[in-house]
Amino acid sequence: MGDGEEHFDVLTKSGLKTGISKPRSAVHRDGDYHRAVHIWIFAESTQQLLLQKRTDWKDSWPGLWDISSAGHVSAGDTSLITARRELQEELGVSLPNDAFELLFVFLQECVTNGGKFIDNEFDDVYLVTTLDPIPLEAFTLQESEVSAVKYISVEEYKHLLATGDPHHVPYNVDGPYGQLFDIITKRYQNNTEGQSLLLQKKLNRYSPISLTAELTDITEEDKEVLVLLIQAARIMDDIFYQQVWCSNSSLREWLNGRAQLSELDMLKWKYYSINKSPWSCLDENEPFLTTADSAVKLLPEATKPAANWKGLAYKAAFPILKPPGANFYPPDMDKTEFESWIKQLSENEKEDATSFFSVIRRHNDSHSNNSSDLYIIPYSKEYSLFLAKAAELLHKAGDLTSSPSLKRLLHSKADAFLSNDYYDSDIAWMELDSKLDVTIGPYETYEDVLFGYKATFEAFIGIRDDKATAQVKLFGDYLQVLEQNLPMDDMFKSPDVIAAPIRVIQLVYNSGDVKGPQTAAFNLPNDERIVKDRGSSMVMLKNVSEAKFKLILQPIADLCIIKEQRGLVDFDSFFTHTICHECCHGIGPHTITLPSGQKSTVRLELQELHSALEEAKADIVGLWALKFLIAKDLLPKSLVKSIYVSFLAGCFRSVRFGLEEAHGKGQALQFNWLFEKGAFVLHPDQTFSVDFDKIEGVVESLSREILTIQAKGDKDAAQKFLEKYGKMTQPLNIALEKLAKVQVPVDITPDFPIVTNLLHKN
């Protein structure tokens, strides 16, 4: 065939690109792993799949009925681009990305033709869900490949395959490929009652609560400012929904529009509103909705027209597995593609590509020949419609307020929304000193599971609690002393830790990246340049913490802590440790020197493991620090035992968030270490206690372990450590089962009556 022969990317046994590509015939001769796509077109109303008949001159399975459309992924192409192209070329159907749902990946390993043809193929199996069958005359068939198409019921097709019908290309319905039929059958089992019960059970894990704050101390003009801020905060929600997944915003509109139709529709909307996506935060991101529940999109130009047919209507799809790159990267981009692409970029472009405030897109989403069709769009452009509106509201609020530091924050944040440069507004946020407390913009990077680079938009608006804020200044004043005394090698210690100023607030409203479990405290900014020069600042949401303590931690302690120690669990210790946790994000290794002498950061070295380890560090070093401050007589001695027992009860609270989540995984790691070393004890009545003689030394040894892994930027050690300790174990299961039986809520879902009142008045 010479040079005209199609080339494939050669993959590893686990499906990653090796960086090598070879001609098709060589790949099949040598048995190299490569990728192909299978696309099934499914009609909901008739529960039928579309089959195509292969032409009589195909080299394999000539004249037999097969998948709606399929094809190999050519070198440099991606799976989704190939799926769209195959559908277009073979059947004349042009659909956008959001019509394709990746169901599963099927590894096909077979040898035919007397050992001359070795096929080791990863098949990405996609489902396109249309409302009704597409009229057969609307297809444009590719004569060289396809001789006919027909619709067939899912049941009948499964039966034909199971009995080895000679007219159909064989698939083993009892093997992994049977998933196709299982998924569709389960999805349309229309058991409304069962679905409602399941959603109700999921919802019951959240305890609804009204969060209020005293507005007596704020001026009338500040109330007007508050209204503008809440309106700007609502826009953060709009951006966040879009950041999670490309069709998430249309799903939100669709579910909201249908919420009044039935009890089930209302439950779907309620639970969706808590998770802000179809994936359940408390169930390791398992989907609680499917594409069948999704928005309908009409696209008449998808095919050629047919008589008396308004055109193709499809369901906006979302994958069963929550996409690790969220909507920050193309849905079918993997780590390898990104990493080989940034190698070709200049230093400045590299910085933009890995920046907090940019998304990565493809130049040509339908056809690509070159391997690097990725490019960078700054947030200011990607979300320009939303950000222009938010900036206008913030400028208005900035003009109204008489607080100089709030004025500066609001104007600089509004400018940042449009310029994409957040440095000045982050400094202004750290220097905020006003009764009205505002955090708004792109900050946390948890949604980007692929790299942890990209920031999501969020907003927290509150009223400062002056009394509590004065109390917590103590921690900030002693941060440098704590750093010098940390249980790690002196060579890793930083001579100039900058104390994180702490503001305690009563939350009035939150939005954006606040989903599932509610945030009770945060430490920002995440921008290492600022952390290095200026340190970070912290905000504690006192009314959120109190609600969690009352509704969750107290009942957990009553069930899981031994009777003699139960009385030691109190809000003061819980809140003090929460404060200390946040402060301790500011100490320990951040900017590090690698063994090679090269400078780096812990986040860059540990990549996707960084969040879980950093959460565990803040927790356990927080315990160590409290003991240190108590020993120095800076905190009352009476706190000692309370802090340890409240921490033990808190372990069970956090692990219930699931081990996919950084805090949950970090907490499991600590509990298992402390349990293994005898600092936590399990009793025959299935309650736990703290061994006060052992706990201090064990806390110190764990702190040393984590701090050292971070200081060395040792990803291998981090991986092994998290694998060994960051998992579900027997004692944790015992506690979690008790809590599940009694149905102690896992978290709270707040509503904000103040907001309703303020907006109503306006």
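## Salt bridges

Let's start with Asp-30, which is partly exposed at a relative accessible area of 35%. This residue pairs with Arg-29 in a salt bridge, where the closest N and O atoms sit 2.8 Å apart. Arg-29 itself is exposed, at 53%. Keep in mind that this is a predicted model. Across the whole structure, a search turns up 46 salt bridges.

Another pair is Asp-237 with Lys-276, at 2.9 Å from N to O. This one links distant parts of the chain: Asp-237 belongs to helix α6, while Lys-276 is in the loop between α8 and β11, 39 residues apart. Asp-237 is buried, with 12% relative accessible area, and Lys-276 is buried too, with 7%. Then there's Asp-490, exposed at 56%, which bridges to Lys-493 at 2.8 Å; Lys-493 counts as buried at 14%. You'll also find a network of salt bridges linking Asp-217, Asp-433, Lys-435, Arg-464 and Asp-466.

## Cysteines

How many disulfides are there? The count is zero. Take Cys-583: the closest cysteine sulfur, in Cys-580, is 5.9 Å away, so the two are too far apart for a bond. Cys-583 is buried, at 1%. For Cys-651, the closest cysteine sulfur belongs to Cys-560, 11 Å off, and that's too far as well. Cys-651 is buried, with 0% relative accessibility.

## Around Thr-687

Thr-687 lies in the loop between β24 and β25, and at 4% relative accessibility this residue counts as buried. Its side chain makes a polar contact with the side chain of Asp-685, at 2.7 Å. Leaving out residues up to four places away in sequence, Thr-687 touches several others, including Leu-559, Cys-560, Arg-566 and Lys-738.

Terms used:
Residues numbered from 1 in each chain as written. Predicted model: local features only at pLDDT ≥ 70, side-chain atom pairs only at ≥ 80, totals over all residues. Heavy atoms only, no water. Helix = DSSP H or I, 4+ residues; strand = E, 2+ residues; numbered from the N terminus. Buried < 20%, exposed > 50% of the residue type's maximum accessible area, 1.4 Å probe, protein only. Polar contact = N/O pair within 3.5 Å; in protein donor to acceptor, adjacent residues only side chain to side chain. Contact = heavy atoms within 4.5 Å. Disulfide = S-S within 2.5 Å. Salt bridge = Lys/Arg side-chain N within 4 Å of Asp/Glu carboxyl O.
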